[in-house]
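I opened this notebook to record what I looked up in one structure. The entries follow in the order in which I made them.

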Amino acid sequence: MENLLLGDKVGITIKPKFDIKKFFKEREESITIRGEIIETAIFIEGKVNFLIASYFSDESVHSEFLEDFLMDRSCHYNLRINVLGKILKKINYDSKYIRDIIERLHKMNGIRNLVAHSEPYLDSNKNPVSGYTIFDTKKVKGVEVKNLKEEERKMNDYFEEVYIALAKIKEKMVAVKND
């Protein structure tokens with residue numbers, strides 16, 4: 001047991017609740033994880049934007065379409081996901097497949113928003129305290145504690161599925177346009 005402050009002089013011994021060095025090391029790693037999750041979300045958002053631009057505009061005006069429409073503040077991500085769902089329906093994708101891809105895109109965006117807008121959760125009464133623990137600030141009642149590493153794992157799982165799906169969608173869109 002370690003004596004802190006004037007513990008030796010007044011006969012009080014204070015036991016630290018957690019390993020502060022370990023906590024800050026984990027917090028540094030959590031910053032990296034957050035960055036990776038946000039970068040993954042941005043990458044997928046770019047792919048969604050490209051698919052929408054490819055469907056609605058000629059290649060020569062993709063950048064204008066992206067700037068003037070898709071990157072406009074009023075064209076939020078949920079709207080773009082819905083537009084992608086309508087495109088998939090028009091190029092004859094199965095409705096279950098459309099629901100699955102849209103659901104995964106929403107889940108990825110939810111994870112992105114969680115890590116971008118949550119705060120570290122530090123409860124010194126719990127041992128060990130982890131720098132990977134965050135809480136969901138959007139939770140209406142109470143605090144929902146989440147583990148950042150688990151959210152990263154989920155994001156990576158969704159990424160693999162969604163990336164492959166979006167590549168296949170692009171191939172089908174090209175085939176449909178060439179018919």
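Entry on sources. I noted that this is a predicted model, in which local features need pLDDT of at least 70 and side-chain atom pairs count only at pLDDT 80 or more, while totals for chains, interfaces and linings use all residues. Residues are numbered from 1 along each chain as its sequence is written, and side-chain values use heavy atoms, with hydrogens and water left out.

Entry on the whole chain. I found six helices and three strands, where helices (H or I, at least four residues) and strands (E, at least two) are DSSP runs numbered from the N terminus. Their order along the sequence is α-α-α-α-α-β-β-β-α. Of the 179 residues, 35% are buried; buried means under 20% relative accessible area, exposed over 50%, and partly exposed in between (1.4 Å probe, protein chains only). I also noted that, among contacts between residues at least 6 apart in sequence, 66% join residues at least 24 apart.

Entry on the core. Which residues touch the most other members of the largest nonpolar core? I read I44, V48, L88, L105 and L166, out of 34 residues. The helices α2, α3, α4, α5 and α6 each supply at least two residues of this core. A nonpolar core is a set of buried Ala, Val, Leu, Ile, Met, Phe, Trp, Tyr and Cys residues joined through side-chain atoms within 4.5 Å. In soluble globular proteins, nonpolar side chains tend to be buried together.

Entry on α4. I checked the length of this helix, residues 77-90: at 1.5 Å a residue its 14 residues should span 20 Å, and the end C-alpha atoms are 20 Å apart, which agrees. The expected span is 1.5 Å times one less than the number of residues. I listed its buried residues as Y77, R80, I81, V83, L84, G85, I87 and L88. Their cover includes α2 (20-56), α3 (62-70), α5 (95-117) and α6 (148-178). Just after α4, N92 takes a positive phi of about 70 degrees.

Entry on α3. Here I found H62, F65 and L70 buried. Seen down the helix axis, these buried residues fall within an arc of 65 degrees, so they line one face of α3; the arc is that of the directions from the axis to the C-beta atoms. E67 and D68, on the other side of α3, are exposed. The cover of the buried residues includes α2 and α4. S63 also lies in α3 and is partly exposed, with a relative accessible area of 45%.

Entry on aromatic rings. I counted seven aromatic pairs; rings of Phe, Tyr and Trp (its six-membered ring) pair if their centres lie within 6.5 Å, and planes under 30 degrees apart count as stacked, over 60 as edge-to-face and the rest as tilted. F65 and F69 form a tilted pair, 5.5 Å centre to centre with 45 degrees between the planes. F159 and Y163 form a stacked pair, 5.6 Å centre to centre with 25 degrees between the planes. Ring pairs also link Y55, F56, F65 and F69 into a cluster.

Technical notes
Contact means heavy atoms within 4.5 Å.
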